[in-house]
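Subject: Structure handover, salt bridges

Hello,

Here is the structure for your files. My notes on its charged pairs follow below.

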Amino acid sequence: MINLQKVQMLPAREQVASMLRSSILSGGIAPGQSITLDSIGEQVGMSRTPVREAFHILASEGLLELRQNRCAIVKGISVDAIKDHYEMRILLETEALRRACERMNDETLKTIKKVNEQGRYAKEKGDTHAYNLANQAFHMSIWEAAKSEKLKSFLSLLWNGLSMNRLVTAQEYAAISLSDHEKIIEQLEKKEYERACETMRQHIIYSMNSTLENYKTH
């Protein structure tokens with residue numbers, strides 16, 4: 001059984017920013033839509049403080065326009081902005097994995113594999129929320145192994161969770177994601193580090209294309 005208390009989590013403000021970023025990039029929240037601290041706080045079960053901080057993070061990215069009375073307006077998103085977001089993730093995620101590979105040992109690999117087992121369990125149970133958490137923990141275990149607080153901080157600010165499009169179910173997307181994670185682990189076990197980095201790159205490219213498909217159809 002998954003012990004979510006032991007799964008690495010982003011700070012509260014970045015969890016909220018991730019959820020909103022994912023919704024904006026996928027078209028789940030439409031341009032021009034007004035969102036408030038109270039409505040988002042109620043949706044995610046958090047106080048105003050991390051939600052307010054998340055609003056400021058997304059405003060700095062150009063995704064929200066802050067207004068008075070604790071609300072914000074969702075700004076329009078473009079194909080170029082989506083590509084730029086994921087291209088930055090590709091650069092940083094592959095760099096994190098490259099640094100993790102340089103420091104790879106049995107204990108680090110054991111940690112990554114244990115987190116992936118949690119993802120496999122969640123996927124088999126059909127628990128998309130738990131898989132989303134395990135997916136986050138899988139990537140964060142690699143960021144931790146890279147031993148760079150600055151790199152981990154940048155990646156945390158770019159995180160947007162599972163990039164599902166409307167053409168696949170949540171379970172189908174989880175299966176694709178899990179398959180990539182297991183391929184990366186297999187390559188790490190074989191010390192095929194360049195191939196693992198290429199698999200990570202393709203993993204993020206798939207997410208980008210999935211988000212772009214949403215953009216085209218919303």
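Glu192 and Arg195 are joined by a salt bridge between their side chains, at 3.1 Å from N to O. A salt bridge here is a side-chain nitrogen of Lys or Arg within 4 Å of a carboxyl oxygen of Asp or Glu. Glu192 is partly exposed, at 24% relative accessible area. The classes are buried (under 20% relative accessible area), exposed (over 50%) and partly exposed (in between), with a 1.4 Å probe and protein chains only.

Before you go on: this is a predicted model, where local features need pLDDT of at least 70 and side-chain atom pairs count only at pLDDT 80 or more, while totals for chains, interfaces and linings use all residues. Residues are numbered from 1 along each chain as its sequence is written, and side-chain values use heavy atoms, leaving out hydrogens and water.

Next, Glu198 and Arg201. Their closest N and O atoms lie 3.0 Å apart, in a salt bridge. Both sit in helix α9 (residues 193–217), 3 residues apart, so about one helical turn separates them. Helices are DSSP runs (H or I, at least four residues), numbered from the N terminus. Glu198 is partly exposed at 35%, and Arg201 is partly exposed at 32%.

Arg48 and Asp38 also form a salt bridge, 2.7 Å from N to O. This pair links distant parts of the chain: Arg48 is in helix α3 (residues 48–60) and Asp38 in helix α2 (residues 37–44), 10 residues apart. Arg48 is partly exposed at 36%; Asp38 is partly exposed at 38%.

There is also a salt-bridge network, linking Glu95, Arg98, Arg99, Glu102 and Arg103. Across the whole structure, the search finds 16 salt bridges.

Best wishes

Key
Helix = DSSP H or I, 4+ residues; strand = E, 2+ residues; numbered from the N terminus.
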